[in-house]
Amino acid sequence: MPKSEQTKKGRTIVVGDVHGCRDELERLLELVRYDECDNLFFLGDLLSRGPDPLGVLAIMRRSGARGVRGNHDDDLLKWHAAQNAGDESARLGKAKRKLAEQLEPPDWAVLESLELWIDLTDHELRLVHAGVVPGLPMEAQPLEALLSMRYLGPHNEPIEKIGVHGEAERDDAVLWGRRYTGPPHIVFGHNAQREPQLYPWATGIDTGVVYGERLTAMVLESGQRVPAPDARREVLFAVPAKDRYYIPPAR
C-alpha cells in the first residue's frame with residue numbers, strides 16, 4: 001500500500017502540478033524558505049507542457065522529494081514500459097514524445113518512483129493527483145479516479161470532463177471534493193483553477209502555473225493538521241507564472 005511517514009523532522013511542503021516550470025518551482029521553494037530538513041512532496045504532472053522538465057527532475061533528485069503519479073506522468077510511463085517490452089505500437093503526442101526522448105535512466109527512475117497515493121499520518125493527510133470516490137477503500141479506487149477525475153456523477157462515478165460546452169451540460173455532476181467527507185484530509189491537483197479549491201475535507205492546489213497563473217504549495221509544521229477552510233489560506237503560498245507556457249486547444 002502506498003504510504004509514507006515523514007523522514008525528516010522539519011515541515012511538510014506539498015507542491016501542486018509543476019508541469020515542467022522549474023523557474024516557478026525554484027521561486028516557490030525560496031518563498032517558503034525550503035531547506036534540507038523539510039519534507040517535500042509533489043502532486044504529479046511533473047513534466048509535460050512547461051519549459052524545463054529536466055530542471056524539475058533535477059530539483060526532485062537533489063531534494064529527495066517524493067510524489068504521486070499524475071495522468072501526464074502515467075502516459076510517459078506507459079509509453080516507456082511499452083518501448084522496453086519491444087511494443088512499437090505505443091503512441092505519444094508529438095510534444096510528449098519529444099520529452100520522452102530526452103529522458104535518461106535516472107529521469108525514468110524518478111517517474112517510476114511516483115506512487116498512486118501517499119498517506120502522511122503525522123498530518124492525517126492523504127495526497128492524490130486527481131481525486132477519490134467517497135466511501136471506497138483506497139485499494140478499490142478506480143485508476144481513473146486517482147489520475148484524472150474532476151467530478152462525480154449521481155452514483156459517485158468518476159468523471160474527468162463534463163462536455164465540450166462546460167458544466168451546464170451535466171448538471172447532475174459535482175466537483176468530487178464537495179461530496180468527500182473524510183477523514184483523512186486530501187490534498188490534490190489536476191483540476192487547474194485560478195484559486196485553490198477549499199472544502200472541509202479536501203484542498204485542490206493546482207492553480208494553473210503552466211497556463212500563466214500560479215504555482216501553489218501547502219506548508220504544514222510538524223504534526224499540524226490542515227486548517228478549516230476559513231483559515232486554510234494561512235498555510236498556502238503561491239508565486240506567479242513567468243509566462244503562459246501552454247494554451248489549451250479550443251473546444
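Biologist: What should I know about the model before we start?

Modeller: It is a predicted model in which local features need pLDDT of at least 70 and side-chain atom pairs count only at pLDDT 80 or more, whereas totals for chains, interfaces and linings use all residues. Residues are numbered from 1 along each chain as its sequence is written, and side-chain values use heavy atoms, with hydrogens and water left out.

Biologist: How much space lies in the largest pocket?

Modeller: About 1100 Å³, where a volume is the space filled by probe spheres set on grid points that are joined across faces, edges and corners. On a 1 Å grid over the protein atoms alone, a pocket is an open set of points with protein on both sides within 12 Å along at least five of seven lines, a cavity is a set where a 1.4 Å probe fits but cannot get out, and lining residues have an atom within 4 Å of a point.

Biologist: And which residues lie nearest the centre of that pocket?

Modeller: R49, R150, Y211, Y246 and P248 do, out of 43 residues that line the largest pocket. By class, this lining has 13 nonpolar, 13 polar and 17 charged residues, with Ala, Val, Leu, Ile, Met, Phe, Trp, Tyr, Cys and Pro taken as nonpolar, Asp, Glu, Lys and Arg as charged, and the others, Gly among them, as polar.

Biologist: Which helix gives the largest share of the lining?

Modeller: Helix 4 does, with 5 residues, while helix 2 (53-63), helix 3 (71-84) and helix 4 (94-100) each supply at least two. Helices here are DSSP runs of H or I with at least four residues, strands are runs of E with at least two, and both are numbered from the N terminus.

Biologist: What about cavities, how many of 30 Å³ or more are there?

Modeller: The structure holds 1, and about 30 Å³ of space lies in the largest cavity. Its lining consists of R150, L175, W176, G177, F188, N191, Q197 and Y199, which divide into 4 nonpolar, 3 polar and 1 charged.

Biologist: Switching to helix 4, is A100 buried or exposed?

Modeller: A100, which lies in helix 4, counts as buried because its relative accessibility is 4%, where buried means under 20% relative accessible area, exposed over 50% and partly exposed in between, with a 1.4 Å probe and protein chains only. Leaving aside neighbours within four places in sequence, A100 is in contact (heavy atoms within 4.5 Å) with L76, W79, L92 and W108.

Biologist: How far apart are A100 and W79?

Modeller: They are 21 residues apart in sequence and 8.5 Å apart in space, C-alpha to C-alpha.

Biologist: Which residues touch the most other members of the largest nonpolar core?

Modeller: V15, L25, F42 and L111 do, in a core of 37 residues; a nonpolar core is a set of buried Ala, Val, Leu, Ile, Met, Phe, Trp, Tyr and Cys residues joined through side-chain atoms within 4.5 Å. A second, separate core of 21 residues includes V128, A130, M149 and A202. Returning to L25, its contacts beyond four places in sequence are V15, V18, F42, V56, I59 and L215.

Biologist: How do helix 1 and helix 2 cross?

Modeller: Their axes come within 8 Å and cross at roughly 35°, with axes being lines fitted to C-alpha atoms over the stretch in contact and angles running from 0 to 180 degrees between N-to-C directions. At this contact, R22, L25, E26 and L29 in helix 1 meet G55, V56 and I59 in helix 2, which gives 4 nonpolar, 1 polar and 2 charged residues.

Biologist: What covers the buried residues of helix 2?

Modeller: The cover includes helix 1, strand 2, strand 3 (66-67), helix 4 and helix 5, and the buried residues of helix 2 are P53, G55, V56, L57, I59, M60 and S63. After helix 2 comes G64, with a positive phi near 70°.

Biologist: Where are the cis peptide bonds, say around P183?

Modeller: One joins G182 and P183, with omega about -15°, and another joins P183 and P184, with omega about 0°. P183 lies in the loop between strand 8 (174-175) and strand 9 (185-188), and P184 is placed in the loop between strand 8 and strand 9.

Biologist: Which residue other than glycine has a positive phi near 75°?

Modeller: That is H190, which sits in the loop between strand 9 and strand 10 (197-198) and counts as buried because its relative accessibility is 6%.
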